[in-house]
Amino acid sequence: MRKVAYKVLIPEDITAPGKDLLKSRGYEVVVVEGTGSEAFEREAGNADALLARTAKYPAEILKKMPNLKVIGRHGVGYDNIDMAYCNEKKIWVTITPNANSNAVAEHTIMMILACAKNLVFQNRQVMAGNWNSRNQYRGQEVTGKTVGIVGCGRIGKQVARKAALGLDMRVIGYDPVIPMDVKLDHIERVSSIQELFQEADFVSLHLPETTETKGMINKELLSLMKPEASLINCARGGIVNEDDLYEALSGHRIHAAGVDVLIREPYHPDDRLLTLDHMIVTPHNAALNTETMNKMGLDAARGINEVLSGQTPSWPVSKF
């Protein structure tokens, strides 16, 4: 029995299961209201672990926690954490890769159907009193259509399975990391992203935001899409050049876009993309259902417990 409990700081609250797991292991769990709060300033100095959600954690914030040993990221993306600082200081950063893949895949399928059926636009028309929109605007069937998956990891594979088995869609996939000779269930491999953009009726992005992927979905690639094709992004806003997407949508060079992420979050009402009828936007909530929030909290807590109890974490992203 340790004499002094390790302190786990949670600047954005999580559901009960993750906190309960930490408390059951004897840790002191402290929930505060954001990194700018007085409580954070007061508690950060002797925090041993941080359970992080979507707030930004640059070096100037992390330096306030000199005892920090591990950051348990409540999710998969970790672009909000200064990894260079963590690697330099040998701070473990763990993620929860098995927690949210199904929820994001379901959200992606919803976006595909919503774009195909003009769902949001038709809803607006009916609410405005235009019942005749049923005769003015036609949707699309997705059966037999091609969905192109860019990034064939956990989420991409689940989207492929749901699209192929649930909607009778053809699935093609591009992934520069997975060797071409590796067989992926339900996915026909293509050798270039340009080929995927040309063939797909729906392009679905499942990539992390890195220096290599930032802004990679640009005017050149969007110009290859069919006029009736739609772009789906439930990954990271930064991988899409939003000015180029706006031009493609406003010029009706592609049919629609369904995105759960934008570069600027929270979204600003002046963002041009939000003015377009065939732009469907959700508030970065693809993974925010009850089941997934419980799983992410538990797995983030498990990562913290593994490090603080002297084990090698199951899902590290640190490099040292």
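Residues are numbered from 1 along each chain as its sequence is written, and side-chain values use heavy atoms, with hydrogens and water left out. In this predicted model, local features need pLDDT of at least 70 and side-chain atom pairs count only at pLDDT 80 or more, while totals for chains, interfaces and linings use all residues.

**Exercise 1. Describe how helix 5 and helix 8 pack.**

Step 1: Locate the helices, which are DSSP runs (H or I, at least four residues) numbered from the N terminus. Helix 5 covers residues 101-116 and helix 8 covers residues 154-167.

Step 2: Take the axes, lines fitted to C-alpha atoms over the stretch in contact, with angles from 0 to 180 degrees between N-to-C directions. These two come within 8 Å and cross at roughly 50 degrees.

Step 3: Classify the angle. Helix 5 is therefore oblique to helix 8; under 35 degrees would count as roughly parallel, over 145 as roughly antiparallel, and 65 to 115 as roughly perpendicular, with the rest oblique.

Step 4: List the contact (heavy atoms within 4.5 Å). Helix 5 brings S101, N102, V104, A105, E106, T108, I109 and L113, and helix 8 brings R154, I155, Q158, V159, K162, A163 and L167.

Step 5: Sort these residues by class. There are eight nonpolar, four polar and three charged, where Ala, Val, Leu, Ile, Met, Phe, Trp, Tyr, Cys and Pro count as nonpolar, Asp, Glu, Lys and Arg as charged, and the others, Gly among them, as polar.

**Exercise 2. Characterise the second largest pocket and the largest cavity.**

Step 1: Set the rule. On a 1 Å grid over the protein atoms alone, a cavity is a set of points where a 1.4 Å probe fits but cannot get out; a pocket is an open set with protein on both sides within 12 Å along at least five of seven lines; lining residues have an atom within 4 Å of a point. Points are joined across faces, edges and corners, and a volume is the space filled by probe spheres set on them.

Step 2: Take the pocket. The second largest pocket holds about 250 Å³ and has 14 lining residues, with N118, F121, H255, D277 and H278 nearest its centre. Helix 6 gives the most to this lining, three residues.

Step 3: Take the cavity. The count is one cavity of 30 Å³ or more. About 40 Å³ lies in the largest cavity, and its lining has six nonpolar, two polar and one charged residue.

**Exercise 3. Place N87 in the fold.**

Step 1: N87 sits in helix 4 (residues 83-88).

Step 2: Beyond neighbours within four places in sequence, N87 contacts S318, K319 and F320.
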